[in-house]
Amino acid sequence: MRRKKIAAVSVTLAGIMAAAGVMSGCSLSGGDNGKIRIEMIQYKPEAVDVFEELEKKFNETHDDIELVIDSPNDATTIMKTRFIREDYPDIIGIGGDMNYSNFLDAGLLMDISDYEGLDNIKEAYLQMDKELELVPQEGVYAVPYVANAAGVLYNKDIFDQYGWEIPTTWDEFMELCEDIEAEGLQPFYFGFRDTWTCLAPWNAIAVDLVDSDICSQVNRGEANFTDNYREVAEKTKALLDYAQDDPFAYSYNDACTAFARGEAVMYPIGSYAVPQIQSVNPDINIDSFVMPASEDASVNKLNSGNDLQFSVMAESEHKEAAYEVLDFLLEDENVQFYLDDQNAVPCKEGDFELAPMLDGMKTYIEEGNLADYQDHHYPSEMAVDAMIQTYLLDNGENATDSFLKKFDTEWVRYNRDTIRNLEEYMEEHPDAE
């Protein structure tokens with residue numbers, strides 16, 4: 001069965017291989033040094049220095065295992081290319097998104113339910129991976145390592161100057177925007193020319209207003225997006241009233257630069273934007289708060305997802321050695337080393353020091369009061385970011401209705417196979433939830 005799935009996915013991925021022209025990344029030949037060689041490919045090139053240091057440290061402290069970590073540009077394409085050729089590393093480091101869903105559905109990942117390190121991972125992040133399963137799976141197939149956080153970044157010095165308080169409801173948030181404008185300041189700056197940035201406020205608003213598994217509910221025929229995404233769509237568009245003129249003319253870099261220079265008081269974006277902002281203004285005093293999309297402050301959640309997680313490949317012949325690598329990566333000092341370099345959020349339980357710009361989200365992180373990014377469940381071919389951008393540009397009175405109708409239609413179009421497979425699963429497992 002798993003081989004059949006791999007073959008089916010290979011057909012889909014063959015186009016990627018041809019387009020990329022990538023035939024590099026051959027598996028490393030083992031040296032005659034008596035050591036077990038564990039090869040890892042991880043997809044975050046911005047963290048290459050971290051992984052080079054971790055690789056060095058591991059190899060200096062382990063006599064029987066040699067760890068080789070590759071951090072290539074366009075790592076996901078290289079992974080897919082190698083999978084087509086059945087040339088597998090032992091471990092992959094990827095995000096908790098549709099790539100993970102597809103790799104799992106293809107039977108490429110090992111069930112690591114017996115890995116004891118999972119006991120120390122926050123349940124919320126493990127649950128996110130369960131919700132990414134296209135068809136329910138028995139077992140656990142990834143170790144969430146670090147996450148990011150998204151909501152609203154704000155200029156703390158300006159807030160302190162005017163005595164503004166952090167809003168905890170949508171009405172308070174809109175009142176704050178009015179107060180900022182009354183002082184002659186710009187509440188938000190957006191970089192919506194880059195379509196992917198349209199997903200930042202969308203995701204942060206959605207975690208308060210819809211179930212985290214809404215996409216699975218739709219696939220099971222139990223819900224639709226027209227009903228569930230209406231308030232999300234309306235409130236995302238409402239933010240435009242407090243944006244700079246023509247936010248679609250400016251890029252992500254433009255928005256980061258403007259916020260860094262004090263041209264806006266707030267920026268609805270993820271913590272991943274902080275290094276870019278600080279590259280323009282290293283002295284900016286940034287803090288953050290969760291997007292208060294509801295009128296009930298008690299339902300507020302932090303928008304956080306698995307930014308990096310590790311999966312052992314099903315074809316690996318060195319399971320125990322791979323587990324030893326995972327043990328090493330999960331040592332507190334190594335997790336903290338990564339957090340310090342990348343301003344990340346730990347998926348592991350523990351007393352870790354967070355970057356200061358996450359102070360306003362700290363309680364949510366510590367309590368695990370968080371939910372995944374909705375777009376982690378969207379197929380890339382559907383181009384939801386572009387759909388949202390088009391919707392935000394549409395000033396017609398039926399804009400929201402048209403957008404939601406298209407969302408439902410396009411969802412069925414791009415998830416037809418997943419819906420059919422899930423229907424078959426439910427027929428075979430009528431008692432499954």
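Contact here means that heavy atoms lie within 4.5 Å. The model is a predicted one, in which local features need pLDDT of at least 70 and side-chain atom pairs count only at pLDDT 80 or more, while totals for chains, interfaces and linings use all residues. Residues are numbered from 1 along each chain as its sequence is written, and side-chain values use heavy atoms, with hydrogens and water left out.

**Ser216**

- Ser216 belongs to helix α9, residues 214-219 (helices are DSSP runs of H or I with at least four residues, strands are runs of E with at least two, and both are numbered from the N terminus).
- Ser216 counts as buried because its relative accessibility is 16% (buried means under 20% relative accessible area, exposed over 50%, and partly exposed in between, with a 1.4 Å probe and protein chains only).
- If neighbours within four places in sequence are left aside, Ser216 is in contact with Glu131 and Leu422.

**The sheet**

- Three strands form an open sheet in the order β6-β5-β7, with antiparallel pairing (two strands pair if DSSP finds at least two bridges between them).
- Because β6 (266-267) and β7 stand at the edges with a single partner strand each, one side of each has no neighbour in the sheet.
- Strand β5 (residues 152-155) pairs with β7 in the antiparallel sense over four bridges; Tyr154 stands opposite Asp287 of β7, and Val152 has Phe289 in β7 as its bridge partner.
- Strand β7 (residues 286-289) is covered on both faces, with Ile286 and Ser288 buried on one side and Asp287 and Phe289 buried on the other.
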